[in-house]
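Here's a quick briefing for anyone opening this structure for the first time. Take a look, then read on for the main points.

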Amino acid sequence: MAGAAEVELYRSVFPFHEPPRIVVEGASRWFDPGRIVVTDTTLRDGQQGWRPLSVEEGLKIYEALVELGGDGSIYSAEFFLYTPRDRELVRRVLEIGAEYPKPIGWIRASLSDLGLVVEAGLEETTVLTSISDYHIYYKFGVTRERAFEKYLEVVEEAMKRGIVVRCTLEDATRASLERNIKPFVERLMRLSERYGVEFRVKVADTLGLGLPFPEVPPPRGVPRLVEALREMGLEPEQIEFHGHNDLGLVVANHLAAWLHGAGMSNCTLLGIGERAGNCPLEVMLVHYAGLTGRRPRLEKLPEIVAMLEEMGVRVPEWQPLVGRNAFRTKAGVHIDGLLKNPEVYLPFDPALVGRSADIAVTPYGGRAAVLLWLRSRLPGGEELRKDDPRVEALYRDVVRLFEETGRHTPLSDEEMEMLASRYFPQLRGAGSVPA
Ligand code: HCA
């Protein structure tokens, strides 16, 4: 390599065959990478924002979560308990007996819902304790004190039974820290002391209005909101963050929550969920690996995505990590870089998430696209050079085809095989080639 001595690749940050590391300097005093985990809500918020699933489908999803993060990277998975189907799913999940993700319930703040948790034999449940005045006054039409009393009645009953509650501070990013959040959490702390049962809070950025910057004060600033809870005495394991992606900031907000002292990051597979969705679990697992050095089994992702697609999820082509185009390039400049060294245009080795680098041939890929496509398909193709007249001829055929037919979409492998077999007969009848 020219000038090798002066080359700076930041190998300790970009190891390439491992997830990119997140180096934190001057961290918030509350950040502790040893105490962070991802938690799942695919079968609750995901299902709610998608469609009701059958027991078999729910089981498959839970089993996939066990494969992906059963080492404890995915600490818990949340379940509805309302319908016979929900309860049957929980029963079957408990039969599996996996330690992680730990199955937990998700209920409204009502004693009858709590009864469902008891019947299901779950040790922990989320309880929806909406915290902003929008929800308290507009949705429930009650005063703050009345809402808190109602929530705390359910929390107390749960604690009496030794059930750990995870109180969702719904709409926390539009709630008053001083008048709503802190007084409610103080009362949770008192009850927890009285009954000797742990509790957690789920800070919910319900409408995706949160911002990931410490300079932004509450209600919108996620870092200060989380730090305020730590200052009250809550431990990382007691604070979960649950964001939505309405303004495209969900991953940044989830990272900010970890970096400022929350322990749990509540996500769904592919980010499925209400409106613009939730935080994509697979993306947070890559960041989790980058922060902790731990290694969830990310190479399982393509299988999981195929399973979800079979259930009817449509994965956008540009979805990070799992979309068709996530490691696929079409631009000539990029492909030229890839030819010289794959690291030039890949964020990390796609094999880490079970994928491989790929190109799609259009005229914009230039001769480089044609060459890279040929190299990946021909036995001994690495020897082929850009100035080979067959490469040039094939490139011209590609350009002509787009010009003459007015085509707009990249060529499929089968189409490329047909064109290329004129110059490379060994490709004739090669059949379908893996992408
Ligand atoms: C909802 C809203 C919610 C709840 C979060 C949670 C939010 O669907 O009821 O309890 O997991 O974002 O506030 O998703």
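Across the interface of domain 1 and domain 2, the rule (a side-chain nitrogen of Lys or Arg within 4 Å of a carboxyl oxygen of Asp or Glu) turns up zero salt bridges. Keep in mind that this is a predicted model, where local features need pLDDT of at least 70, side-chain atom pairs count only at pLDDT 80 or more, and totals for chains, interfaces and linings use all residues. Residues are numbered from 1 along each chain as its sequence is written, and side-chain values use heavy atoms, with hydrogens and water left out.

**The two domains**
- The domain assignment, automatic or from a database, gives domain 1 as 33–310 and domain 2 as 328–427.
- Their C-alpha centres sit 45 Å apart.
- Six residues from domain 1 and five residues from domain 2 make the contact (heavy atoms within 4.5 Å).

**Where they meet**
- Domain 1 and domain 2 bury about 390 Å² between them, with 70% of it on carbon and sulfur atoms; that's the accessible area (1.4 Å probe) the two parts lose on being put together, summed over both.
- On the side of domain 1 that touches domain 2, you'll find four nonpolar residues, no polar ones and two charged.

**Around the ligand**
- An oxygen atom of the ligand lies 2.7 Å from a side-chain N or O atom of K202.

Notes
Ala, Val, Leu, Ile, Met, Phe, Trp, Tyr, Cys and Pro count as nonpolar, Asp, Glu, Lys and Arg as charged, and the others, Gly among them, as polar. A polar contact is a pair of N or O atoms within 3.5 Å; within protein, one must be able to donate a hydrogen and the other to accept it, and residues adjacent in sequence count only if both atoms are side-chain atoms.
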